[in-house]
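Please read them with the model on screen.

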Amino acid sequence: LSINNGNTATPNLRYKSLPPYYKVPESVQQSKDHLVALPGDQARTTKLHRETQADWSITLTAAFAFADSLSHGACGHDPIKLNLVSWNLLIKACCYRGALWRAMNILDDVLPAQGMEPDSYSYNTILDGLARVGDVQTQTKYLDEMLLQKQIKPDDFTVQAVVDGRLNFSDVAGSITVVQDMFNQHSVLPPYTTHLKILEQALATNLVYEAKRHLYFIQQLWKWTPNQYHSDAFKEKMRLTQRNPKLGREAMEQLFRYFGHELSDSDFF
């Protein structure tokens with residue numbers, strides 16, 4: 001989007017309105033009785049109960065019905081016990097159909113009841129779903145649980161989801177800090193598009209200082225050298241990042257110039 005400024009058009013980011021409170025788990029948690037009244041409903045009910053009703057999503061209801069038929073051998077075959085991959089797919093289906101409480105219920109209650117431990121895919125899917133509604137508080141809860149309690153190593157998509165959540169919450173500074181902390185503490189980087197997304201949102205909201213702070217971090221990546229503790233996969237990830245022309249100096253200068261800011265030699269080291 002852009003706004004007219006005299007004879008020139010300056011790129012500018014306009015935020016959409018926040019999602020309705022009943023779509024954000026943390027907002028529901030903060031409500032007086034944790035009950036919601038959704039459009040078209042007369043009675044108030046828990047969000048989890050509402051998401052498990054058949055009319056919430058036809059496709060989601062069909063997915064759970066099919067999974068249930070497999071586990072009961074409804075088609076004449078022997079019962080098939082759902083494994084972690086199957087539950088992860090159901091978590092993903094819930095997140096894509098806006099049933100975040102149902103997805104979190106699978107992670108928090110169903111998997112332990114089945115004697116299963118969630119993996120990085122389980123958590124990444126939940127983190128991504130929460131990112132879509134900008135629920136940073138609930139996202140932080142699950143990230144801490146993933147890293148500290150379950151001792152699951154984060155990956156590219158973990159960082160991407162956490163950054164997306166903070167950007168959707170308009171926390172550009174926090175998103176930059178997340179990328180730096182994940183790199184320094186866990187030797188993991190998000191996809192290169194996440195770097196561009198951070199820079200674009202910072203510049204579009206006139207947070208030039210924050211944009212330059214992330215630019216300096218990218219320059220540190222240019223000068224990074226491996227040591228004996230880095231895995232081959234991470235070394236390859238860093239090699240591709242360093243050679244990515246979209247993260248090079250010329251691309252950075254063009255990006256800043258597009259938003260009306262010129263970089264000088266003093267901005268590069």
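1. Helix α9 covers residues 172-186 and helix α10 covers residues 192-204; the two pack at an angle of about 155°, with their axes 10 Å apart. The model is a predicted one. Angles over 145 degrees count as roughly antiparallel, and α9 and α10 are therefore roughly antiparallel to each other. The crossing in which α9 passes α10 is left-handed.

2. On the α9 side, the residues that meet α10 are V172, S175, I176 and V179. Their partners in α10 are H195, I198, Q201 and A202. Sorted by class, this contact of α9 with α10 holds 5 nonpolar and 3 polar residues, and no charged ones.

3. α10 also packs against helix α11, which spans residues 208-222. The angle is again given as about 155°, and here the axes lie 7 Å apart. That angle makes α10 roughly antiparallel to α11. α10 passes α11 in a left-handed crossing.

4. From α10, the contact with α11 draws on H195, I198, L199, A202 and L203. α11 contributes V208, A211, H214, L215, F217, I218 and L221. By class, 10 residues of the contact between α10 and α11 are nonpolar and 2 are polar, with no charged residues.

5. Elsewhere in the chain, α6 and α8 pack at an angle of about 15°, their axes being 8 Å apart. That makes α6 roughly parallel to α8. The crossing of this pair is left-handed.

6. Which residues make the contact between α6 and α8? α6 supplies N124, L127, D128, A131 and R132. α8 supplies F157, T158, A161, V162, D164, G165 and N168. The contact of α6 with α8 divides into 5 nonpolar, 4 polar and 3 charged residues.

7. The second largest pocket has a volume of about 250 Å³. Its lining consists of K92, Y96, Y121, N124, T125, D128, R132, F157, Q160, A161 and D164. By class, the lining of this pocket has 4 nonpolar, 3 polar and 4 charged residues.

8. Which helices supply at least two residues each to that lining? They are α4 (84-96), α6 (120-132) and α8 (156-168). The one that gives the most is α6, with 5 residues.

Conventions:
Residues numbered from 1 in each chain as written. Predicted model: local features only at pLDDT ≥ 70, side-chain atom pairs only at ≥ 80, totals over all residues. Heavy atoms only, no water. Axes fitted to C-alpha atoms, helices over the stretch in contact; angles between N-to-C directions. Helix = DSSP H or I, 4+ residues; strand = E, 2+ residues; numbered from the N terminus. Parallel < 35°, antiparallel > 145°, perpendicular 65-115°, else oblique. Left-handed = near helix turned anticlockwise from the far one by under 90°. Contact = heavy atoms within 4.5 Å. Nonpolar A, V, L, I, M, F, W, Y, C, P; charged D, E, K, R; others polar. 1 Å grid on protein atoms, 1.4 Å probe; cavity = no way out; pocket = protein on both sides within 12 Å on 5 of 7 lines; lining within 4 Å. Points joined across faces, edges and corners; volume = space filled by probe spheres on them.
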